[in-house]
Amino acid sequence: MSAVSRPQGARPRVLVTGGAGFIGSHTCVELIQSGYDVIAVDDLSAGSAEALDRVHAITGVLPILERVDVTDRHALATVFERHSVDAIIHFAARKAVGESTEIPLSYFHTNVAGTATLLAVAKEAGVTRIVFSSSCSVYGETRAQLLDETAPIAPTNPYAWSKHAAERMIDDGCRYHSDMRAISLRYFNPIGAHPSGLLGEVPVGTPRNVIPYLAQVAGGQRERLNVFGADYPTADGSAVRDYVHVVDIARGHVDALDHIDDHPGMQVFNLGTGEGTSVLELRAAFIEACGRDIPYTVLPRRPGDVPRLVADAGSVREAWGWKPQLDLAAMCRDSWNFQVANPRGYADAGRP
Ligand code: WQD
């Protein structure tokens, strides 16, 4: 039974910022299939209205879309006036480590000012439950083989700093407003796509993240993968990450709503598999999934990157029983399946 509830019979209603984006749209599917109503707040700068149509195709329910920038306080307040919501899941953010070193101020504006605006407007509207999309990147460079939630916070790039700052604001909001409850989910590397092939990761322009880039090389849209660094202190020299299926991540958000009242204040949980995969190993797994070769070139390290980020996700397993159900082969299979079904992402749908 969810901790987030409405008067007898009504479906609890969740406002999902960034709901037309990659992780947001997959979470809309899981929320709807778990009995929630969903309102997606998205400025469509990276998300797409087509993603919500795909949510409709999968679930039979079309989420309400409010095309709003979370930094626009007046527009956001109007959304809360129009819709009575029981909880918020806050995804809306810029999310590429490399890009954040090129446009740091835009990252702080969207990710930090946007979160501050959302918290203030939600408080005024009496909405006191928030699940926050945080990131393993707050841990920075570490010698630890597995990272639990007590690992030192040491961001190495503006994206990671922006996520840490947002967590801090939410934590203090809960600390000084006793009616506020939050869960911050520090996910590791979400990849994959919905098994239906209808929903997936659709980057704007040149993909910044490795999996959509790999998929486009396999699909013939790009010539070769650029591997950013093969001189890291790892088994094959390329950087190691903990890749986790986006559907597992989405389900983790639904679980978070069930547990948001377990403790006062802000709870923090890592969402990962505990398995590290290097870039070159990920390339090999993708070749296995798509049956095609993927040429690559080794380039210098990308600014802001760290050698290894792998989760110790024991806390969330102990607290809620959440653990990943889908393995690396499924992540690559589903990514490739989405790429084949949607070679130009959602562009063919002619929607913004
Ligand atoms: C992974 C590895 C790159 C592109 C992501 C999200 C972030 C957060 C954590 C959720 C790195 C290398 C990349 C390429 C490459 N997720 N790489 N060639 O930076 O770990 O962060 O997961 O909050 O939002 O961005 O992911 O896919 O960019 O990089 O070699 O073309 O792949 O150097 O080692 P990252 P990524």
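In this predicted model, helices α7 and α11 pass each other in a right-handed crossing. Their axes approach to within 10 Å, with a crossing angle of roughly 55°, and that makes α7 (residues 210-218) oblique to α11. On the α7 side, the contact is built from Ile 211, Ala 215, Gln 216 and Ala 218, while α11 puts in Ser 335, Trp 336 and Gln 339.

From α9, the residues involved are Leu 282, Ala 285, Phe 286, Ala 289 and Cys 290, and they meet Leu 328, Cys 332, Arg 333, Ser 335 and Trp 336 of α11. Eight of the residues in the contact of α9 with α11 are nonpolar, one is polar and one is charged. As for the α11 residues, Ser 335 and Trp 336 turn up in the contact with α9, and they turn up again in the contact with α7.

Next come the sheets. Seven strands make up an open sheet, laid out in the order β3-β2-β1-β4-β5-β6-β11 and paired in the parallel sense. Going from one strand to the next, the twist averages 20°.

Within that sheet, strand β1 (residues 13-17) runs parallel to β2, and five bridges hold the pair together. Two of the facing positions can be picked out: Leu 15 is opposite Ile 39 of β2, and Val 16 has Ala 40 of β2 as its bridge partner. Both strands are mostly covered. In β1, four of the five residues are buried, and strand β2 (residues 37-41) likewise has four of its five residues buried.

Further along the sheet order, strand β5 (residues 129-135) and strand β6 (residues 181-187) are parallel too, with seven bridges between them. Ile 130, for one, is bridged to Ala 182 of β6. A helix covers this part of the sheet: α6 (residues 158-176) lies across β5, β6 and β11, and its direction makes an angle of about 155° with β5.

The loop between α5 (104-124) and β5 holds Thr 128. Its relative accessible area is 16%, so Thr 128 counts as buried, the cut-off being under 20%. Apart from residues up to four places away in sequence, Thr 128 touches Asp 179, Met 180 and Arg 181. One of these, Arg 181, falls within β6 (residues 181-187). Pro 307 is another matter: 179 residues separate it from Thr 128 in sequence, and the C-alpha to C-alpha distance between the two is 38 Å.

There is also an open sheet of three strands, ordered β12-β9-β14 and with mixed pairing. The edges are taken by β12 (277-278) and β14 (308-309), each pairing on one side only. Strand β9 (residues 240-241) is joined to β14 by two bridges, and that pair runs in the parallel sense. Across this pairing, Arg 241 faces Leu 309 of β14.

Thr 277 belongs to strand β12. With a relative accessible area of 10%, Thr 277 is buried. Setting aside neighbours within four places in sequence, its contacts are Ala 239, Val 240, Arg 241, Tyr 243, Leu 282 and Leu 328. Among them, Val 240 and Arg 241 lie in β9 (residues 240-241). Leu 282 and Leu 328 bring the story back to the helices: both take part in the contact of α9 with α11, and both are in contact with Thr 277 as well.

Key:
Residues are numbered from 1 along each chain as its sequence is written. This is a predicted model: local features need pLDDT of at least 70, side-chain atom pairs count only at pLDDT 80 or more; totals for chains, interfaces and linings use all residues. Side-chain values use heavy atoms; hydrogens and water are left out. Contact means heavy atoms within 4.5 Å. Ala, Val, Leu, Ile, Met, Phe, Trp, Tyr, Cys and Pro count as nonpolar, Asp, Glu, Lys and Arg as charged, and the others, Gly among them, as polar. Buried means under 20% relative accessible area, exposed over 50%, partly exposed in between (1.4 Å probe, protein chains only). Two strands pair if DSSP finds at least two bridges between them. Axes are lines fitted to C-alpha atoms, for helices over the stretch in contact, and angles run from 0 to 180 degrees between N-to-C directions. Angles under 35 degrees count as roughly parallel, over 145 as roughly antiparallel, 65 to 115 as roughly perpendicular and the rest as oblique. A crossing is left-handed if the near helix is turned anticlockwise from the far one by less than a right angle, and right-handed if clockwise.
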